[in-house]
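Hi,

Here is the structure I promised you, with the sequence alongside. My notes on what turned up in it follow below.

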2 protein chains.
Amino acid sequence: MIDKLVKKIQQTDAPVVVGLDPMLSYVPEQICKKAFDEYGETLAGAAEAIWQFNKGIVDAVCDLIPAVKPQIAMYEQFGIEGLQAFQKTVAYCKSKDLVVIGDVKRGDIGSTSAAYAVGHLGKVKVGSRICQAFDEDFVTVNPYLGTDGILPFVDVCKEEHKGIFVLVKTSNPSSGEFQDRLTDGKPLYELVGKMVDQWGADLVGTSGYSAVGAVVGATYPEMGKILRSIMPKAYILVPGYGAQGGKASDLVHYFNEDGLGAIVNSSRGIIAAYKQEKYSRFGAGAYADASRQAVIDMISDINEARKSR
Amino acid sequence: MIDKLVKKIQQTDAPVVVGLDPMLSYVPEQICKKAFDEYGETLAGAAEAIWQFNKGIVDAVCDLIPAVKPQIAMYEQFGIEGLQAFQKTVAYCKSKDLVVIGDVKRGDIGSTSAAYAVGHLGKVKVGSRICQAFDEDFVTVNPYLGTDGILPFVDVCKEEHKGIFVLVKTSNPSSGEFQDRLTDGKPLYELVGKMVDQWGADLVGTSGYSAVGAVVGATYPEMGKILRSIMPKAYILVPGYGAQGGKASDLVHYFNEDGLGAIVNSSRGIIAAYKQEKYSRFGAGAYADASRQAVIDMISDINEARKSR
């Protein structure tokens, strides 16, 4: 799957992923109204609204980008019905040949991590039959529990040709509270980065990249530069561009010399583009066209920086 | 909710929580067969099997214990249908007046943690109406992203009188890989423990304990003793007793002098008790009676240690 991701990045010339993190406040009124008329102001109504909203955006941008990253929390807040919308979104994006990165940040001890891994990336045995649950292509994983929380995911990646992105240095303001702590003179995120390199050593594809990637926030470019060199085979998933303050020029060193090695996420900046002054001419009725224009602008912004590497 | 938990621990004289982490391999054949006959060997069949299995155990043990801890991964592996079984389990346990600790180990940055918090502990606004999704009493939370990943949970706890248990030192063999790293001469878990104490400072109930608790594995008793003193107001949720190797005598110092302050989890050791030689006399047909006897034995084991404090 990492090879498919790399190939699609090359084909689209777009090291960009659109974060499908729908808040109800982003969904244009006409979509909410229709969903609420049909299902009421209920969890099912909310789920229908975010699903229709997503569908519009995916239809408008799917030819431009290699991948999407639905954030499961935004669906899970609407319970079972929300998770059905997550599942429909995953399946729909896959039907459009997009690589789907489930931003689930799961992580637990051995057998429990294994359950998450089969639920999101693999297959589960029920009696004599094999079933599939959410079936994303990649998921994000939290490393706080150490190697035996990660290896069950690695095993499933190997069997199913899927991938993970391990949280190394997150984009939020207080990420340094624990992640930056010096241990033997080095920050913790470097230690996690070294482990990412090791966890992924056996899973390097023909692209030269491993199925075990890393999350490194756009908001910490100096750290991104160091992590790039610590984990040469890891694809870096970069949140924090745009709405969170990360600039394209900060991201030059997240890429390798081959112009590959990083994929930059934008969520709100794309899916709620029509709410920005810059794209307000589209209006709520053409929210998906606004998202398409925002994707085009983002690709050009990122590529300018990437190509100055 | 922390006060309710403490009160129920006192009423039952049982600082014990039963982990509802059903694997299909634990479910007696007659229950699987009935579920598969009705729903096929499908995700729905698996979900029905684990739900009926849980219901039997809950009915058999609910008068003995204060709380249950369903591990969501074990349900999530069966997709939407599995999560419906999780939701039914949560609701059923609450109807039996058990405190429900959702072992979800969620954690993300600001607005995303807020979505998890409302989905699991709070309420979500849909149009002009207020809806509820999973509605556990407590959840477990991963601290790797720092304070701004935790505070949205704390805020919801304050509003809804719910609680969280933050992962501090987990029970698994490689938990030390990152959690034990020395930073300024102290292991990282102590730093996280100090933050737990701070995060919970405003949420101390009439019981003297805070709605912000901590997870500390039974398998690291020396660390448990230190963490107890660092976080005097935090209730400690203790996994790792029994099947993972933690012994009751190791847990003496997880309790405060009031005999409170810790609640010990057992999952496999209770729910799959009938598979142990010790309880094999019950047989698969009376699996729930085996679980009841295992709970009685566990309470007596833990209390012997606790009362020697």
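In chain B, S7(B) is largely enclosed by the rest of the structure, because seven of its seven residues are buried (buried means 20 or more other C-beta atoms within 10 Å of the residue's own, exposed 12 or fewer, partly exposed in between, with C-beta atoms placed from the backbone). Before I go on: this is a predicted model, where local features need pLDDT of at least 70 and side-chain atom pairs count only at pLDDT 80 or more, while totals for chains, interfaces and linings use all residues. Residues are numbered from 1 along each chain as its sequence is written, and chains are lettered from A and ligands numbered from 1 in the order in which they are written. Helices (H or I, at least four residues) and strands (E, at least two) are DSSP runs, numbered from the N terminus.

What sits beside S7(B)? Strand S6 (residues 138-141) of chain B pairs with S7(B) in the parallel sense over four bridges; pairing takes at least two DSSP bridges between the strands. Val139(B) has Ile164(B) as its bridge partner in S7(B). To get from S6(B) to S7(B), the chain passes through helix H7 (residues 147-160) of chain B, in a right-handed β-α-β crossover (with the strands pointing away from the viewer, the path from the first strand over the helix to the second runs clockwise). S7(B) is also joined to S10(B), in parallel, by five bridges, and there Ile164(B) has Val212(B) as its partner.

These strands belong to a barrel of eight, closed in the order S1-S2-S3-S6-S7-S10-S11-S12 (chain B) with parallel pairing. On average, neighbouring strands of this sheet are turned by 30 degrees against each other, direction ignored (axes are lines fitted to C-alpha atoms, for helices over the stretch in contact, and angles run from 0 to 180 degrees between N-to-C directions). Helix H12 (residues 287-307) of chain B lies across S1 and S12 of chain B, at about 140 degrees to S1(B).

Over in chain A, helix H1 (residues 2-12) has Ile2(A), Leu5(A), Val6(A) and Ile9(A) as its buried residues. They cover an arc of only 95 degrees around the axis, so they are on the same side of H1(A) (the arc is that of the directions from the helix axis to the C-beta atoms).

Finally, the two chains touch: 61 residues of chain A are in contact with 60 residues of chain B (contact means C-beta atoms, placed from the backbone, within 7 Å). Helix H6 (residues 110-120) of chain A gives the largest share of chain A's side, six residues.

Cheers
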